[in-house]
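I opened this notebook page to record what I looked up in one protein model. The entries follow the order in which I consulted the structure.

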Amino acid sequence: MRTKEETIAALKKLDSVDSLSHPAGLTKAAVLVPLFMKDGQLRTSGGEVCFPGGKTDPGDEDDVGTALREAKEEIGLPAGQVEVVCRLFPLVSKNGLLVTPVVGFIDETFSPSPNPAEVSSVFSVPLEFFTSGKDHRALNAASWMHSFHFADPDSGETFHIWGLTAMIAIMVAAFACRKKPEFEIGFDIHDPVPFFQWNLQREMSKL
């Protein structure tokens with residue numbers, strides 16, 4: 001199991017600020033992928049089977065500002081409690097938004113305060129869950145659409161994680177753990193830029 005310091009070092013190498021040419025004309029959005037260590041295990045947290053995030057506001061300084069603002073609004077996470085690590089490769093959502101994942105560490109003692117108008121529940125998932133084929137299903141191999149069913153031991157509920165959220169979780173898990181998932185993901189974890197540049201161009205051609 002990687003330590004927090006090893007995970008941060010691995011993710012920082014993949015900061016995508018200057019690695020891709022971002023297409024113009026798309027509405028920008030960002031999500032926060034909050035990581036934390038619990039009992040020596042690296043975990044990620046999300047609300048309503050999506051990461052906290054949304055469209056960029058005029059007052060946001062950048063993608064990091066968007067992700068932090070939305071996390072505060074949706075789950076009550078103060079920006080000062082997030083150790084931002086990197087921005088990963090942007091993806092195009094089904095609604096045509098250019099979504100940038102912002103990865104950051106939070107303290108395991110953080111207690112979320114979900115905004116009832118936007119979030120129904122908050123749960124955490126061991127990051128390596130997204131590299132295992134046990135609960136994975138490919139929805140559309142040609143479009144790299146993935147699906148997971150996670151049985152949360154704390155609440156007893158089963159959550160369906162799929163689409164853009166699943167792809168972002170897979171990205172973070174593969175890069176943070178430096179582990180190729182047990183299923184096909186389309187990108188090389190050691191040289192991911194070509195795939196994500198190609199994927200951006202492909203998604204743009206559909207709009």
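Entry 1, surface and burial. I began with the accessible surface of the protein, which comes to about 9700 Å², with 50% of that area belonging to carbon and sulfur atoms. I note that the model is predicted. The protein has 207 residues, and 51% of them count as buried.

I looked up the elements and found four helices and ten strands. Read from the N terminus on, their order is α-β-β-β-α-β-β-β-β-β-β-β-α-α. I then turned to contacts between residues at least 6 apart in sequence: 64% of these join residues at least 24 apart.

I asked how much space lies in the largest pocket. The value is about 880 Å³. I recorded 33 lining residues, and those that lie nearest the centre of the pocket are Ser93, Lys94, Gly163, Leu164 and Thr165. By class, I noted 18 nonpolar, nine polar and six charged residues in the lining. Which elements each supply at least two residues of this lining? I listed the strands β1 (27–38), β3 (53–55), β5 (91–92), β6 (97–105) and β10 (158–162), together with the helices α3 (163–177) and α4 (193–206).

I checked for disulfides, and the count comes to zero. The cut-off applied is a pair of cysteine sulfur atoms within 2.5 Å. I also looked up the exposure of two cysteines. Cys50 is partly exposed, at a relative accessible area of 33%, whereas Cys86 is buried, at 1%.

Arg178 sits in the loop between α3 and α4. Is Arg178 buried or partly exposed? I count Arg178 as partly exposed because its relative accessibility is 28%, and buried would mean under 20%.

I located Ser132 in the loop between β7 (122–126) and β8 (136–140).

Conventions:
Residues are numbered from 1 along each chain as its sequence is written. This is a predicted model: local features need pLDDT of at least 70, side-chain atom pairs count only at pLDDT 80 or more; totals for chains, interfaces and linings use all residues. Side-chain values use heavy atoms; hydrogens and water are left out. On a 1 Å grid over the protein atoms alone, a cavity is a set of points where a 1.4 Å probe fits but cannot get out, and a pocket is an open set with protein on both sides within 12 Å along at least five of seven lines; lining residues have an atom within 4 Å of a point. Grid points are joined across faces, edges and corners, and a volume is the space filled by probe spheres set on the points. Ala, Val, Leu, Ile, Met, Phe, Trp, Tyr, Cys and Pro count as nonpolar, Asp, Glu, Lys and Arg as charged, and the others, Gly among them, as polar. Buried means under 20% relative accessible area, exposed over 50%, partly exposed in between (1.4 Å probe, protein chains only). Contact means heavy atoms within 4.5 Å. Accessible areas come from the Shrake-Rupley method with a 1.4 Å probe; for residues, only the protein chains shown count as cover.
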